[in-house]
Amino acid sequence: MLSLYFVVIGLCFIFSGASQEDGVGCGFTSSWLESVVMSMKLTKQGFHRDLVYEVRHEPTSHPVKTLLLHRLPNGVYMDQYQLADLREEMGLQVLLDSALDLEAPAHVSSAFSALVFLSPPEPLQAAVPVHGRYHKASSSGGWERVVIEPPRLLLRSEHCDTVNPGIPHRVVDAPCTVQNQTLCSWLEVHGLQVPSVSVKLPVGDSSLIIPVCAVTTLVSLLCSAFLFRAVWKHGIF
């Protein structure tokens, strides 16, 4: 019996050591994290597109929360009112870091962040509307290419409040849900090979724009001509 006891203790140490070597805490093992794949693409045409996200991974015995932290450039925007409607109608869960001016052109706008919460069933997907901003006219017109880099991928186990990082991954704090009432610890997954996407937007030709002073002069001349015609017609002179 004593020898059996030592055998059991030895096996416990062996399995414990293997788990610590391979695991990164809360059920996220290094081998499982290697199965995680993320993709991003743009659909539709023109100024009004959809950013389609997808995350795949091997099945787990416990629910896994997924959050995308996406920094977007000033050349595009997301409509907070449209997102609110889509949340009510389709359950789309997107949180913006600030209110956006939907009418402002790109050159007076700032970059912003969107938090996209993905929910089962798998594969985890979301199609988020994104719109192109008008760009400042140039002397030659043409097109402006707006590049959208991929988002950061965060994971959180349903049955765990904290996670232990494993290289090259790290722990970050982010909202637990789209309600943004509390912060949770998430594991940010590194090493994903996700290409950027881009959208080409037309740029106005500034050489075709009539200066304000010219417009003012033209309006003044037209008004003078109209007034002279009215005076001449009624024989005031």
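**Contacts, strands and spaces in a predicted model**

Student: Which side chain does Ser119 join in a polar contact?

Tutor: The side chain of Gln93, at 3.1 Å. This is a predicted model, so the distance is a computed one.

Student: Where does Ser119 lie?

Tutor: Ser119 is in the loop between strand 6 and strand 7.

Student: What is Ser119 in contact with, leaving aside neighbours within four places in sequence?

Tutor: Gln93 and Leu124. There is also a C-alpha distance to mention: Ser119 and Lys65 are 54 residues apart along the chain, yet their C-alpha atoms are separated by 7.1 Å.

Student: Switching to His70. Where is the place of His70?

Tutor: His70 sits in strand 3, which covers residues 64-72.

Student: Buried or exposed, for His70?

Tutor: Buried, since the relative accessible area of His70 is 1%.

Student: What does the side chain of His70 reach?

Tutor: The backbone oxygen of Glu149, at 2.5 Å. The His70 side chain also makes a polar contact with the side chain of Tyr53, at 2.7 Å.

Student: And what else is His70 in contact with?

Tutor: With sequence neighbours within four places left aside, the contacts of His70 include Met40, Leu51, Phe112, Ser113 and Pro150.

Student: Which residue does His70 stand opposite in strand 6?

Tutor: Ala114. Strand 3 and strand 6, residues 112-118, pair in the antiparallel sense over 7 bridges.

Student: What sheet do the strands form, and in what order?

Tutor: An open sheet of 6 strands, with antiparallel pairing, in the order 5-6-3-10-12-11. Strand 5 (93-96) and strand 11 (170-175) are its edge strands, each pairing on one side only. On average, neighbouring strands of this sheet are turned by 35° against each other, direction ignored.

Student: Back to Tyr53. Where is Tyr53 found?

Tutor: In strand 2. Tyr53 counts as buried because its relative accessibility is 0%.

Student: What does Tyr53 touch?

Tutor: Not counting residues up to four places away in sequence, Tyr53 touches a list that includes Ser39, Leu68, His70, Met78, Val116 and Ala126. The C-alpha atoms of Tyr53 and Ala127 are separated by 6.4 Å, although the two residues are 74 apart along the chain.

Student: What does strand 2 pair with?

Tutor: Strand 1, residues 37-43, pairs with strand 2, residues 48-56, in the antiparallel sense over 7 bridges. In that pairing Lys41 stands opposite Val52. The two strands form a hairpin with 4 residues between them, and Lys44 in the turn has a positive phi of about 70°.

Student: Which residues of strand 1 are on the covered face, and which on the uncovered one?

Tutor: Met38, Met40 and Leu42 are on the covered face; Val37, Ser39, Lys41 and Thr43 are on the uncovered one. In a regular strand the side chains alternate between the two faces of the sheet.

Student: New topic: how much space lies in the largest pocket?

Tutor: About 270 Å³. The largest pocket is lined by 18 residues, and the closest to its centre are Met90, Leu92, Gln125, Ala126 and Ala127.

Student: Which strand gives the most to the lining of the largest pocket?

Tutor: Strand 7, with 5 residues. Helix 3 (80-90), strand 6 and strand 7 (124-132) each supply at least two residues of that lining.

Student: And how many cavities of 30 Å³ or more does the count come to?

Tutor: The count is 1. The largest cavity holds about 40 Å³ of space. Its lining includes Leu42, Phe47, Arg49, Val76 and Val199, and strand 7 provides the largest share, 3 residues.

Student: Last one, Glu188. Where is Glu188 found?

Tutor: In strand 12, residues 183-189. Glu188 is buried, because its relative accessible area is 4%.

Student: What does the side chain of Glu188 make a polar contact with?

Tutor: The side chain of Arg152, at 2.9 Å. Not counting residues up to four places away in sequence, Glu188 touches Arg152, Leu153, Leu154, His169, Arg170 and Val172.

Note on methods. Residues numbered from 1 in each chain as written. Predicted model: local features only at pLDDT ≥ 70, side-chain atom pairs only at ≥ 80, totals over all residues. Heavy atoms only, no water. Buried < 20%, exposed > 50% of the residue type's maximum accessible area, 1.4 Å probe, protein only. Polar contact = N/O pair within 3.5 Å; in protein donor to acceptor, adjacent residues only side chain to side chain. Contact = heavy atoms within 4.5 Å. Pairing = 2+ DSSP bridges. Axes fitted to C-alpha atoms, helices over the stretch in contact; angles between N-to-C directions. 1 Å grid on protein atoms, 1.4 Å probe; cavity = no way out; pocket = protein on both sides within 12 Å on 5 of 7 lines; lining within 4 Å. Points joined across faces, edges and corners; volume = space filled by probe spheres on them.
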